[in-house]
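Biologist: I would like to learn how to read the features of a structure one at a time. Please give the general idea before each case.

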Amino acid sequence: MTSSTEKELRIPLDHIQNHLVLTISADNSDTLCQQSDAEDHGESDWQLTEGCEYEFEFSNEDYTFEKIAGIIKQSRNRPSNGLLRPNTYTGTLHLSVLHRPSGKTTTIRLEVRSVKTSYRSDYRFMLENITEHCTDLLMQHTSPVVQNFEPDFETDHKTLYQRFSFVKSIVGSDEFTEAIHRILLFPATKWKSETEERTISSVRRFGRKEVRQLQAGSRRIPLEGNKNLSTVPEHIYTAKQFETVDTHENRFVKYALEQFLLFCLKIEKHSPQTRTGEEARLLIHRLEDFLNHDLFRKVSAPVNLHLNSPVLQRKEGYREILRTWLMFDLAAKLIWQGGEDVYGGSKRDMATLYEYWVFFQLLEAVKHVFHIDPVSLSDLIGKTNDGLGLKLKQGLHTAVSGISDSGPRKLKVLFSFNRTFGQKLYPGGGSWSRSLRPDYTLSLWPAELSDVEAEEQELMVHIHFDAKYKTEHLFNGGSIPDEEAEGETIDSDIKNRYKKDDILKMHVYRDAIRRTAGAYVIYPGNVPYTVYGFRELLPGLGAFAVSPSRTDTGISHIESFIIDVREHLMNRASQREHMAAQTWLVHKNTPVSLHSPLPEFNHQLERLIPDTTTVLVGYYKSAEHLNWCETSGFYNFRSGSGRGALPLTPAVTGARYLLLYSKEQYTTELWEIIDYPQFWSKQDLIEAAYPGEPSQEGYLVLNIQRPKTTVFDNLKWDVSSFNNSAENLRKRYPMQLTLTELLNQSLISLPTQ
């Protein structure tokens with residue numbers, strides 16, 4: 001009798017040697033169990049929890065497990081003892097029990113359960129949902145008009161289980177079982193006419209055919225009392241009407257069940273001693289029970305397939321079986337190399353399956369929000385040497401793209417799976433630190449530009465998502481848990497629950513990949529969490545809860561978020577758009593250096609950006625002229641288009657400083673411009689007591705003052721060293737340059753005593 005506790009399993013191995021017992025123990029409670037319903041799911045009764053560490057011990061020291069790197073570690077002193085680490089894959093774990101003296105091995109099975117209690121239903125639902133998406137893609141790709149009546153299900157061992165998993169997710173579903181039960185309870189029937197020979201006295205109703213036989217029939221008997229008809233036939237043939245279940249629709253259902261059964265029998269034949277074979281046998285028993293029902297014993301084999309039957313297309317139960325059969329015929333042919341990551345070798349990698357499932361959820365959300373049918377969607381399905389292949393695999397960049405024209409701004413949309421952002425120099429796209437590969441990336445940019453042009457002009461917007469199936473407790477009440485306090489320890493199975501690295505990785509995406517406006521975790525919880533980098537939706541960070549469910553997956557929250565992103569990109573006056581434009585302006589030119597003093601920003605002084613701050617250079621003709629500038633607070637340039645006039649450009653109207661010079665080579669006369677330029681007439685200058693007689697009819701006048709800051713007090717400039725200044729200096733024409741150019745050409749004078 002096997003005994004077990006929450007911390008220990010005692011597994012009898014009498015089939016290897018009498019009274020041999022394997023004991024598996026754990027430090028944590030509730031990580032070991034003997035599952036009573038394991039057989040119904042094709043699992044081993046003896047079950048461990050993923051991500052935990054266990055000690056094993058054989059009751060006989062002649063036995064131990066064969067070493068498996070990373071999973072089995074034998075004790076040096078007692079090889080019959082050791083450590084068992086099932087790691088993070090779920091599914092059947094095949095271990096070889098080694099009899100050390102003889103070297104003989106015997107395989108036993110242990111089941112590795114997921115830490116999530118709903119993993120069985122999650123696994124079935126996600127696989128079934130992926131199958132639906134794949135078969136929809138196949139229908140679009142192949143557009144079948146005629147379905148093969150004898151599909152070929154023979155395949156190699158490498159893809160056998162992934163094909164079976166696709167089919168099992170359809171045929172083994174509760175919806176399929178309910179559809180069959182519905183047909184058994186309310187089968188489609190028809191009235192059938194059958195001719196039989198009956199005595200003339202037993203016929204109750206005479207039709208036209210029966211009346212003809214009254215006159216022409218043989219083996220006649222006399223009829224008394226009738227002058228027109230003296231004899232009648234002893235027997236006549238009459239039509240009999242009866243209700244039958246032998247209809248085209250029921251024949252189709254029977255054929256479909258037989259095809260499902262044939263497929264499972266072939267699977268079981270190819271993998272008799274594996275988990276695949278056990279799951280196939282369970283499905284075989286279910287299908288045989290259906291076919292042994294009295295209804296299908298009365299149904300003959302189909303001759304042809306009437307897919308246009310209203311009963312098949314509309315009647316409850318039948319329409320589900322028709323849809324299942326169409327999916328089955330395609331799913332049995334589908335090769336998905338990425339499936340090896342999910343269930344190769346009898347494993348159930350829930351995290352990877354969740355990652356694939358979320359891809360299709362996000363794909364549907366993107367298609368719906370941007371009202372696009374991605375032009376490259378058909379590229380997800382392609383021909384392979386052994387069938388039709390789904391090109392969705394970890395590490396392989398798969399992208400679907402389209403153009404959204406549903407708003408005032410036409411956008412190109414690119415949705416990528418496992419896109420690698422390699423290290424590239426600015427202004428190219430990619431990462432500036434190291435190569436990074438988010439699970440999913442939504443890229444948006446103006447449709448008039450290529451992706452390369454959009455990257456270089458800071459008009460690209462990337463939003464990244466990472467799927468984390470095991471991050472079930474990432475958030476608590478909508479907040480991110482802080483670092484553990486000093487002295488606290490982290491649970492040994494923390495990697496299966498909360499990882500602070502999950503949210504920190506979003507920061508890595510956000511900061512390292514150029515033009516990234518948001519990065520978000522997707523996890524099967526129930527608490528969404530988003531934060532804004534500034535005041536707007538983007539840039540942002542956070543997480544969305546998306547769980548495998550037949551009622552509400554939570555993908556609607558992400559869809560709403562993507563809608564908000566779309567509307568945000570339609571806002572051409574957003575702060576993010578402004579930041580992007582300024583980033584392009586700042587970085588488009590070669591950087592320069594400036595190590596001169598500048599006034600620091602405060603509430604009274606506007607921040608100076610030297611590269612974009614314009615300095616005007618003007619000539620004063622005498623000490624009286626300079627004194628007039630000092631007392632009046634004005635300086636005048638010639639206006640108009642003539643020689644020596646100051647052109648009215650944005651740089652001039654936004655100028656912040658004025659440097660005055662005279663006949664001397666050096667000057668210290670740096671003034672601050674405190675208002676926009678004004679147009680003055682000749683008379684305006686005379687009334688302002690301008691020294692001398694104005695020679696022009698109009699002038700551009702600046703309102704100036706001595707700088708409030710003292711950082712420029714000890715600086716003087718050699719005006720003759722200014723670039724292209726010789727002609728202007730000779731003709732005393734005005735000049736303009738940036739504050740960076742001015743300060744990089746300054747001479748520092750000695751401080752006054």
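Biologist: Counting contacts in the chain with a separation of 6 or more, what share comes from residues 24 or more positions apart?

Modeller: A contact means heavy atoms within 4.5 Å. Residues 24 or more positions apart account for 68% of the contacts in the chain with a separation of 6 or more. This is a predicted model, in which local features need pLDDT of at least 70 and side-chain atom pairs count only at pLDDT 80 or more, while totals for chains, interfaces and linings use all residues. Residues are numbered from 1 along each chain as its sequence is written, and side-chain values use heavy atoms, with hydrogens and water left out.

Biologist: How many helices and strands does the chain have, and what percentage of its residues count as buried?

Modeller: Helices (H or I, at least four residues) and strands (E, at least two) are DSSP runs, numbered from the N terminus. The chain has 20 helices and 36 strands. Buried means under 20% relative accessible area, exposed over 50%, and partly exposed in between, with a 1.4 Å probe and protein chains only. Of the 753 residues, 48% count as buried.

Biologist: What span should helix H3 have, and what span does the model give?

Modeller: The expected span of a helix is 1.5 Å times one less than its number of residues. For the 12 residues of H3 (residues 174-185) that comes to 16 Å, and the end C-alpha atoms are 16 Å apart, which agrees.

Biologist: Which residues of H3 are buried?

Modeller: An α-helix has 3.6 residues a turn, so residues three or four places apart point the same way. In H3, the buried residues are Phe176, Thr177, Ala179, Ile180, Ile183 and Leu184. They cover an arc of only 160° around the axis, taken from the directions from the helix axis to the C-beta atoms, which puts them on the same side of H3. On the other side of H3, Asp174, Glu178 and Leu185 are exposed. In H14, the buried residues include Ile555, Glu559, Arg566 and Met570.

Biologist: At what angle do the axes of H3 and helix H5 cross?

Modeller: Two packed helices are described by the angle between their axes and the distance between the axes. Axes are lines fitted to C-alpha atoms, for helices over the stretch in contact, and angles run from 0 to 180 degrees between N-to-C directions. The axes of H3 and H5 (residues 248-270) come within 12 Å and cross at roughly 145°. The contact is made by Phe176, Ile180 and Ile183 of H3 with Asn250, Val253, Leu257 and Phe260 of H5. These residues divide into 6 nonpolar, 1 polar and no charged. Here Ala, Val, Leu, Ile, Met, Phe, Trp, Tyr, Cys and Pro count as nonpolar, Asp, Glu, Lys and Arg as charged, and the others, Gly among them, as polar.

Biologist: Where is a cis peptide bond found?

Modeller: Most residues other than glycine have a negative phi, and most peptide bonds are trans. The bond from Tyr426 to Pro427 is cis, with omega near 10°, and Pro427 is in the loop between strand E21 (411-417) and strand E22 (440-446). The bond from Leu538 to Pro539 is also cis, with omega near 0°. Pro539 lies in the loop between strand E25 (529-532) and strand E26 (540-545).

Biologist: What is the phi of Arg515?

Modeller: Arg515 has a positive phi of about 65° although it is not a glycine. Its place is in the loop between helix H13 (500-512) and strand E24 (516-523). Arg515 is buried, with a relative accessible area of 10%. Glu458, likewise not a glycine, has a positive phi of about 60°.
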